[in-house]
Each structure stands twice: as structure tokens, then as C-alpha cells.
Amino acid sequence: MQQLSTFWAIVKKDLATWIRSPSTIAVTVLPALILMFVLILQAAAVTGSPVAIVNQDTSGQAAAKLQHIAQNYNGFYNAKVLSKAQAEKEYQNLAVAGVLVIPKGFSKELKGGQHPTITWQVRNFNNDTANDLRRALPDILSTFLKSGAAGKNPMHIQVQEHDLHARDASFVGFNMIAVVVMLVLQAGIVNAGLAAVREWETGSVKELLMSPARPLTMILGKVGAGVIASDITGGIALIAAIAAGMVPVPSFGLGILAFVIVTLTAIVGSGLGVLIGAALRATERVSGLSISLSFYLFFLAGGITDIAYLPRWLQDVAAYIPNTYSLDALRATLLYNSSTGILTDIGVLVLAGAVALLIGVPVMRRGLSH
């Protein structure tokens with residue numbers, strides 16, 4: 001019971017120190033905030049372009065249907081219906097990246113079995129944006145043909161789409177989960193690491209050694225404080241992402257699973273933090289290494305894209321990085337409303353957390369004994 005009281009006292013002391021230390025909080029959250037800002041800017045640049053739609057067949061039903069489908073296509077940032085002259089002016093002024101023209105007599109020609117020509121004017125200032133626009137037109141036409149507005153399908157081809165996940169995830173939401181995992185991991189490393197370093201830098205390690213508390217209790221107290229600080233930081237980030245509409249609201253059960261995954265990630269980070277803190281024993285070195293390590297782990301674990309699309313050698317590396325499994329599990333629970341494969345992810349995180357503690361705790365115990 002006495003060791004439990006000591007454990008809790010150390011947790012409260014380290015959490016209070018963390019809350020009163022703006023520099024520690026800044027080291028914890030600033031790198032993730034900067035990365036999140038960059039990703040949001042990147043999303044704004046790649047998730048869609050403004051386009052103009054010119055419908056010259058104003059009385060045709062098929063033309064009206066095609067205009068409606070193009071106007072509501074989710075790959076466009078903004079699709080506005082303009083006259084031919086207005087669209088040309090906006091295109092020349094770089095206000096739109098593409099102009100779709102539905103010609104006069106489109107509906108009549110289609111009904112009569114003729115082959116009307118629609119025009120798709122694309123600003124190809126870079127191939128990423130241009131290819132997104134080029135891929136948009138087949139999607140729009142496929143939806144138009146499925147609607148039946150064209151009468152008999154002139155292509156004589158039916159397309160059946162089978163998606164891997166039950167629902168799509170937004171580009172920002174997909175990357176936001178990676179930022180949250182990075183934030184949780186870094187919070188654990190920074191807070192547990194700096195809590196360990198602080199004992200040597202302030203000389204309070206001597207007082208701790210003279211107290212009745214066992215070294216293991218002191219170390220676990222620092223890990224506990226790191227885990228709670230990580231859970232608070234990651235929880236605030238996730239709630240903000242859900243409130244902003246970047247991440248869907250999960251069901252109660254999947255929300256609990258997400259909390260378990262965040263906590264296991266925090267244990268891994270805190271175990272690494274204790275190890276780094278005991279080995280380096282200097283605030284500047286621990287802060288610098290924790291930021292660098294978090295960024296490396298973020299990119300190696302598929303922070304900006306699915307690891308399935310990374311080079312083979314990088315996929316092999318990612319298989320040995322714990323936050324790869326945190327990312328996989330959190331994206332499944334929070335973005336795809338699924339728990340498929342989550343037991344494997346949790347098992348790997350439990351193993352990684354145990355390994356981090358089995359290495360970190362003895363290193364700090366050895367440091368305390370000297």
C-alpha cells in the first residue's frame with residue numbers, strides 16, 4: 001500500500017511539473033502542430049480544384065442531369081455553372097482549373113443515337129492536378145450513364161466497384177490520425193524522459209534514493225505520468241479533430257478500443273522516454289532526440305501514405321515499428337468503423353510496450369544505483 005501511495009505521489013508530482021512547464025508542453029505539441037498545419041495546406045492543394053461548367057443545352061433533360069452530377073462531384077473543390085464567356089474569363093484569370101462544356105443539342109443528339117461531343121478544358125500546370133481533373137471526367141460520365149439519363153448505354157459496358165472499406169476517409173482525416181499517433185508517442189518520450197532527467201539535473205535523485213520508495217516504484221511513477229500526459233494530449237487532439245469534422249464520431253465500443261490503442265502507444269513512448277532520459281541525463285539532448293525520433297518514426301510508419309504503397313524495403317522496416325500498428329488500428333476504428341485485424345495490432349503494441357519497459361526500467365535503475 002505504501003508503494004502504491006508513493007507511485008501515485010510521483011505521478012502527481014511529475015504531472016504538476018509538466019503542466020507548470022510551458023517549454024515542456026511546447027516541445028511536446030509544437031512539432032505535431034506544425035506538421036498538422038503543413039498537412040492541412042497540402043490537403044487544400046491536392047484534394048480538389050475549382051472548375052466551371054458551361055451548359056449550352058439549357059432545355060435538355062440529359063444535359064441538366066449531367067450538369068447536376070458534375071456540379072456535385074466530390075473531387076472538385078468548387079464547381080460553378082457559368083456562361084461560356086464567364087468560364088473563359090475565369091480560366092484565363094486562373095480562377096478555375098478546368099472548364100466542362102455541354103454543347104447545345106446534347107440531349108437531342110443523345111436521344112437520337114448520335115454521338116455528341118463534350119469539351120473538357122484542363123489547365124495542366126502540373127501533372128498531379130491535371131491527372132486528377134482527367135480522372136474526374138470518366139467518373140462523372142460513368143455516374144451519368146448509370147443514372148439512365150442517356151437512355152441505352154452507348155458504351156455497352158457496366159462497371160461494378162468493390163471498395164476495401166465500408167466508407168471513404170478524407171485526406172486530412174487519414175493524415176490526422178498519423179499526427180495524433182506521433183503526438184502521443186512524442187508526449188510519452190518527452191514527459192517520461194524529461195521527468196527522469198529532472199531528477200539528476202535538480203539533484204532530487206539523492207532525496208528519492210534516501211526515501212522509503214523502491215527504485216522500481218519511482219520509475220513506474222514516471223512512466224505512469226508520461227502515459228497520463230500522453231493520453232490527455234492525444235485525447236484533446238482527437239476530440240478537436242472530431243469536432244472539426246476531420247474524423248467521424250466513433251461508436252462507443254470502437255471509441256473504447258481507440259482509447260486502449262492510444263494508451264498502449266503512450267506506454268511504448270514512456271518506456272522509450274525513461275530509457276533515453278536515463279541514458280542522456282540532459283534536457284537539451286532528450287528534447288532534441290525525442291523530436292527527431294518521433295519524426296523518423298512518423299514517416300517510417302506510413303505517416304503520409306499507406307505503407308502498402310511504400311517501397312518494399314520500407315515496408316519491411318515499418319513492420320518492426322510499433323506506431324505502424326497504432327496507425328493501422330486507429331485508422332480502422334476511427335476512419336473505417338472496423339475492428340478487423342485489431343487484435344493483432346493490440347498484441348504487437350502490448351509486446352512493444354513490455355519490451356520498452358523491460359529495457360528502460362533496468363537502465364534507469366542502474367543509473368539510480370550509481
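Which helix gives the most to the lining of the largest cavity? Keep in mind that this is a predicted model, where local features need pLDDT of at least 70, side-chain atom pairs count only at pLDDT 80 or more, and totals for chains, interfaces and linings use all residues. Residues are numbered from 1 along each chain as its sequence is written, and side-chain values use heavy atoms, with hydrogens and water left out.

A cavity here is a set of points on a 1 Å grid over the protein atoms alone where a 1.4 Å probe fits but cannot get out, and lining residues have an atom within 4 Å of a point. Points are joined across faces, edges and corners, and the volume is the space filled by probe spheres set on them. That gives two cavities of 30 Å³ or more.

Start with the largest, at about 70 Å³. Of its 13 lining residues, Asp-14, Trp-18, Asn-191, Ala-195 and Arg-198 are the closest to the centre. Helices H1 (2-19), H7 (171-202) and H9 (215-243) each give two or more residues to this lining (helices are DSSP runs of H or I, at least four residues, numbered from the N terminus). H7 is the one that gives the most, with five.

Now move to the second largest cavity, about 40 Å³ in volume. Its lining is made of Met-36, Leu-39, Ile-40, Phe-171, Val-172, Asn-175, Met-176 and Val-179.

Definitions and conventions
1 Å grid on protein atoms, 1.4 Å probe; cavity = no way out; pocket = protein on both sides within 12 Å on 5 of 7 lines; lining within 4 Å.
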